[in-house]
Amino acid sequence: MKISSLRIHFLAVISFLLIGSFASAQEQSVAEANDEGPVDTQKEITDYTNHHLKDSHDFHLFSYTDAAGERQHFGFSLPVIVWASNGPVAFMSSEFHHDIDGEVVVEAGGSRFVNLHDKIYELEEGAEEIVMGEDHHPVNAHHPFDLSITKSVFGIILVGLLLLFWFGSLGRQYKRKNIPTGFGRALEPLVIYVRDEIARPNIGENKYRKYMSFLLTVFFFIWVSNLLGMTPFGFNITGQIAVTVCLALFTFVIVQFSGNKDYWKHIFWMPDVPVIMKIILIPIELLGILTKPFSLLIRLFANITAGHVVVMGLIALMITLKAQFGAVGSTGLSLVLTLFISVIEILVAFLQAFIFTMLSALFIGMAVAEHDHHHEHDAEGHEIDDVEDVRESFV
């Protein structure tokens with residue numbers, strides 16, 4: 001039986017993700033912490049996991065010891081772009097030689113810079129090395145305005161370019177044919193799913209089109225970013241709190257600017273309740289305006305971060321259980337459990353994109369809903385379903 005090209009592509013993607021997870025496992029077993037040898041203690045494992053969850057200025061794929069006994073790193077660097085005391089400065093992160101302890105000083109643009117825990121510091125004039133105070137913060141250095149292309153920024157740009165290419169191609173196909181071909185055939189059902197299962201039930205038949213571009217962008221951005229996080233490149237885009245805050249802010253702004261008079265009336269002067277209760281409900285409703293986007297950003301951030309922590313913890317089993325099961329047994333157990341959780345993470349990648357998009361659509365629907373429930377009519381006099389009717393039939 002001949003397997004279609006689409007199925008082959010799907011299987012290839014799944015295999016790449018699973019192999020990528022174990023490739024990351026092999027990376028941990030040979031990677032080194034601060035050039036002091038392989039990661040093999042509980043503290044080093046914890047530090048390496050925390051480092052993996054943070055953003056960084058380069059891609060570190062793996063390390064190995066060469067014949068001369070020196071550690072060699074495999075990966076590629078990214079540009080460091082800062083606005084320092086003497087103006088804009090740019091150089092490659094490879095100038096730090098993988099140092100994140102502030103020991104390597106890079107001179108560029110008339111200033112000196114160090115990388116301390118993946119944060120760029122500019123040394124004060126005349127300082128030769130960074131000095132730490134009692135509170136473990138630098139006393140002779142400060143943060144310049146950082147515009148660097150970090151790993152997460154690179155991932156955001158990559159995801160943006162992929163979405164532009166995919167949906168640009170899909171849009172051009174619709175100009176020539178009714179049914180898309182190639183990869184567009186896989187995108188079309190997902191677009192229809194977001195429209196029919198997320199936008200229409202929550203926003204309403206006569207208003208959902210206005211918000212489709214935002215909902216589609218959010219859904220596919222989060223989904224593709226989550227999938228990239230399962231590759232050996234170590235992306236953790238939606239595991240960065242700054243990214244989830246920005247996504248939630250977009251939803252917050254759209255909801256507030258889309259709110260009709262009924263929306264604001266239910267916040268500042270709730271109808272059909274006693275006056276004293278109206279006064280009590282005002283601060284509660286105002287707090288609810290802020291808690292909705294906060295729940296969006298925390299849910300996405302926490303779930304993606306937890307997934308990475310679990311995967312890294314299972315990878316570390318090959319080290320922590322080596323004494324009990326031996327090298328082969330601990331590595332085999334780690335491989336099986338990592339592949340198992342990676343399959344679940346593929347589902348979580350889609351689920352988190354769905355939840356964020358669905359809740360965004362729900363909040364928008366609450367802001368644009370007509371609470372007096374008057375129906376609009378079409379040209380033939382038939383009633384047009386509003387959001388309440390669509391929700392009722394959807395449930």
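**Close-up views of a predicted model**

**View 1. Bridge partners V82 and V89.** V82 has V89 of β4 as its bridge partner. Strand β3 spans residues 79-84 and pairs with β4 in the antiparallel sense over six bridges. Two strands count as paired if DSSP finds at least two bridges between them; strands (E, at least two residues) and helices (H or I, at least four) are DSSP runs, numbered from the N terminus. The model is predicted, with pLDDT of at least 70 required for local features and 80 or more for side-chain atom pairs, while totals for chains, interfaces and linings use all residues. Residues are numbered from 1 along each chain as its sequence is written, and side-chain values use heavy atoms, without hydrogens and water.

**View 2. The three-stranded sheet.** The strand order in this open sheet is β4-β3-β9, and the pairing is antiparallel. Because β4 (87-92) and β9 (145-146) each have a single partner strand, they stand at the edges, and one side of each is left without a neighbour in the sheet.

**View 3. Two annotated spans.** An unreviewed UniProt entry carries the annotation "transmembrane region" for residues including 211-231 and 237-255; such annotations may be inferred rather than shown by experiment. Residues 211-231 are 81% helix and 0% strand, with end C-alpha atoms 31 Å apart. For residues 237-255 the values are 79% helix, 0% strand and 24 Å between the end C-alpha atoms.

**View 4. The protein as context.** The protein contains 11 helices and 11 strands. Of its 395 residues, 42% count as buried, meaning under 20% relative accessible area (1.4 Å probe, protein chains only).

Technical notes: Buried means under 20% relative accessible area, exposed over 50%, partly exposed in between (1.4 Å probe, protein chains only).
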